[in-house]
Amino acid sequence: MKILIDNGHGAETRGKRSPDGRLLEYLENRIIARGIVDALTARGLDASLLVPEETDIPLPERCRRVNEWCRQLGKGNVLLISIHCNAAGHGDRWLSARGWCAYTTPGPTGADALATALYNAAKAHLPGMRLRTDYTDGDPDQEAAFYLLRHTICPAVLTENLFMDNHEDCDFLLSKEGQQSLVDLHIDGIISYLGV
């Protein structure tokens with residue numbers, strides 16, 4: 001199984017930061033994504049960063065990279081998780097929205113089981129924090145037609161790892177403890193999904 005971890009956004013992406021500028025989403029995503037890849041690799045799993053570059057690689061190119069792995073290995077032998085931080089506004093002020101969530105594309109998909117495994121891990125690693133869910137179709141994941149999820153052919157989930165424009169979430173995201181909790185959440189969810 002090839003595990004691809006996408007660290008969303010690049011150093012030059014406008015906005016995508018906490019209102020005080022302490023948290024830069026591209027950097028936070030890379031810290032978490034690199035931690036996930038390193039931990040999975042240490043466990044003997046085949047994991048790599050989809051975007052090792054610091055720049056914002058266009059979405060069609062990200063999808064091409066994922067689908068090339070799918071062509072080589074078979075789409076059932078590849079999975080993708082795209083790492084992001086959420087925001088309720090435009091980065092110009094602190095807001096009250098909080099929580100963690102995962103997205104798949106609308107309707108039943110092969111990614112639903114992966115998202116559910118990540119939600120189960122989030123319960124353990126983010127105790128007392130809000131998990132943003134949508135059970136209208138029987139599972140906890142949110143659904144949206146995000147480009148990266150729609151245009152890749154393997155199971156693909158996008159996680160929104162708390163809100164960078166919420167004081168408490170931002171402080172947690174910037175802490176070593178918070179970053180490790182998010183890494184561990186993804187590791188445990190992936191391992192549970194794979195059954196290893």
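In what follows, two residues touch when heavy atoms of theirs lie within 4.5 Å. The model is a predicted one.

Select R62 to begin, a residue of helix α2. With 2% relative accessibility, R62 falls under the 20% limit and therefore counts as buried. Leaving aside residues up to four places away in sequence, R62 touches D6, N7, G8 and H9, then L50, V51, D56 and I57, and also L148.

Next, stay in helix α2, which runs over residues 59-73, and select V66. V66 has 0% relative accessibility and so is buried. Which residues does V66 touch, not counting residues up to four places away in sequence? Show L4, L50, L80, T152 and C154, which are the contacts of V66 on that count. If you then draw a distance from the C-alpha atom of V66 to that of I83, 17 residues apart along the chain, the separation is 15 Å.

Now move to helix α1 and select residues 25-42, a stretch of 18 residues that reaches 26 Å from its first C-alpha to its last, close to the 26 Å expected at 1.5 Å a residue. Colour its buried residues, among them Y26, R30, I32, A33, I36, V37 and L40. To see what covers the buried residues of α1, display the elements that include strands β1 (2-7), β2 (46-49) and β3 (78-86), together with helices α5 (167-174) and α6 (176-194).

Methods: Residues numbered from 1 in each chain as written. Predicted model: local features only at pLDDT ≥ 70, side-chain atom pairs only at ≥ 80, totals over all residues. Heavy atoms only, no water. Helix = DSSP H or I, 4+ residues; strand = E, 2+ residues; numbered from the N terminus. Expected span 1.5 Å × (residues − 1). Buried < 20%, exposed > 50% of the residue type's maximum accessible area, 1.4 Å probe, protein only.
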